[in-house]
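This briefing goes through a two-chain model by topic. The sequence and structure come first, and the points follow.

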Amino acid sequence: MNSNSFLALVMSALLMLVSVVGHTEVIDEEYIWSKPGLDVRFEQLAYELRCPKCQNQNVADSAAPIAKDIRVKVAEMLNEGYTNEEIIDFMVARYTEFVTYRTRINWRTIWLYLAPAMLFGVGVLGLLFRTRRATPTVTLTDEQQARFDLLLTKPKRK
Amino acid sequence: MRKLLYLTPVLLGLVLGGLFMYVLLSDLDTETIPTPLLNQALPEFSLPTVQDSEQIVTKADLDGEAYILNVWATWCITCRIEHPFLNKLSQEGVRVIGLDYKDTREEATEWLTQFGNPYRLNLFDEEGAFGFNLGVTGAPETYFIRSDGTVAYKHISAINQTNWDEELKAIYDEL
């Protein structure tokens, strides 16, 4: 087998895997929308909301009954004209902060956002500190300097 | 000093590894979502009972005496396992209120005739609309309600003798 056909095999295997993993519950359902564009917001919300029953699945992917309830409620609220924020607030009020993948900033979660920036700052400071520190200078005797030059000279190949 | 500096990543790795091992090996509960209703009033509702579609019960009808609100359904296998213990609690004088969740009257009635009825009152939430406001994720779940109608605790999955003795009885007694 040459490397090209091997690559093709690996790629097709990966594609098959993706097509299995990529199945979502949400595409099997049909909702009636009162306005165009709601379907796009619906999909966006379904992917951002997290199913409270199943540990790491979004509401779009999950087959759990509660995920379906949330999808139906989201669709209903969209048709009634609620904004995305209002819908997420509504869900958080019932299912806690757990229900949204896009963690909102409050006093308990602010560290999730601040910590990476703070760590980066510490890294930059450390780097500045290290590079700016004066490097100690050494004075060489003539003999040492000659040997130093010799060591640094590239030997000629024969 | 310099050596210590090079050891830092190793030490950090060990600390993180230790933390992960601790979380993996200990019984730390990472699945239970605390109810946002804790110490807040149970949401208002107006529901018929399983026995009588004409009888409408509201939150105010239940307030005044502490109770546990058990969310159950005939399609729920764990509820079947939990049921005998609820019967026992009811006999011991615990005020058990039922919330039949996404179920049919016929099946619920048959279940109660067959396995006994521990519920002083059995609310019928056919569509699961009140369950949604409660933040129910499945059945069984049990809410511990104080006499003033506020939520003291939410227990997910079945109540049994072990968790009642170890944890839940104390919560009930405090209501």
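In which sense do E3(B) and E6(B) pair, and over how many bridges? The two strands are antiparallel and share five bridges; strands count as paired if DSSP finds at least two bridges between them. Helices (H or I, at least four residues) and strands (E, at least two) are DSSP runs, numbered from the N terminus.

The model is predicted: local features need pLDDT of at least 70, side-chain atom pairs count only at pLDDT 80 or more, and totals for chains, interfaces and linings use all residues. Residues are numbered from 1 along each chain as its sequence is written, while chains are lettered from A and ligands numbered from 1 in the order in which they are written.

**Strands of chain B**

- Within the pairing of E3(B) and E6(B), B:Tyr67 stands opposite B:Ile145 of E6(B).
- E6(B) also pairs with strand E7 (residues 151-156) of chain B, in the antiparallel sense and over five bridges.
- B:Tyr143 has B:Lys154 in E7(B) as its bridge partner.
- Five residues lie between E6(B) and E7(B), which form a hairpin, and in the turn B:Gly149 has a positive phi of about 85°.
- Four of the five residues of E6(B) are buried, where buried means 20 or more other C-beta atoms within 10 Å of the residue's own, exposed means 12 or fewer, and partly exposed lies in between, with C-beta atoms placed from the backbone.

**Nonpolar cores**

- A nonpolar core is a set of buried Ala, Val, Leu, Ile, Met, Phe, Trp, Tyr and Cys residues joined through C-beta atoms within 7 Å.
- The largest such core has 26 residues, and those with the most contacts inside it include B:Tyr67, B:Trp72, B:Tyr101 and B:Ala139.
- Elements of chain B that give two or more residues to this core include strand E3 (67-72), helix H3 (77-91), strand E4 (96-101) and strand E6 (141-145).
- E3(B) supplies the largest share of this core, five residues.
- Not counting residues up to four places away in sequence, B:Ala139 touches B:Val71, B:Trp72, B:Ala73, B:Cys76, B:Cys79 and B:Tyr101; contact means C-beta atoms, placed from the backbone, within 7 Å.
- Another core lies apart from this one and has 16 residues, among them A:Phe42, A:Val74, A:Ile87 and A:Val99.

**Chain A overall**

- Chain A has six helices and zero strands.
- Of its 158 residues, 13% count as buried.
- Domain 1 (24-99) and domain 2 (110-152) make up the division of chain A, with bounds from an automatic or database domain assignment.
- The centres of domain 1 and domain 2 of chain A, taken over C-alpha atoms, are 52 Å apart.
- Among contacts in chain A between residues at least 6 apart in sequence, 46% join residues at least 24 apart.

**Helix H2 of chain A**

- A:Phe42, A:Leu45 and A:Ala46 are the buried residues of helix H2 (residues 38-48) of chain A.
- Seen down the axis of H2(A), these residues fall within an arc of 100°, so they line one face of the helix; the arc is that of the directions from the helix axis to the C-beta atoms.
- Exposed residues A:Val40 and A:Gln44 are on the face of H2(A) turned away from the buried side.
- H3 and H4 of chain A are included in what covers the buried residues of H2(A).

**Interface**

- Eleven residues of chain A contact ten residues of chain B.
- On the chain A side, helix H3 (65-79) and helix H4 (84-95) each supply at least two residues.
- That side of chain A divides into five nonpolar, two polar and four charged residues; Ala, Val, Leu, Ile, Met, Phe, Trp, Tyr, Cys and Pro count as nonpolar, Asp, Glu, Lys and Arg as charged, and the others, Gly among them, as polar.

Definitions and conventions. Contact = placed C-beta atoms within 7 Å.
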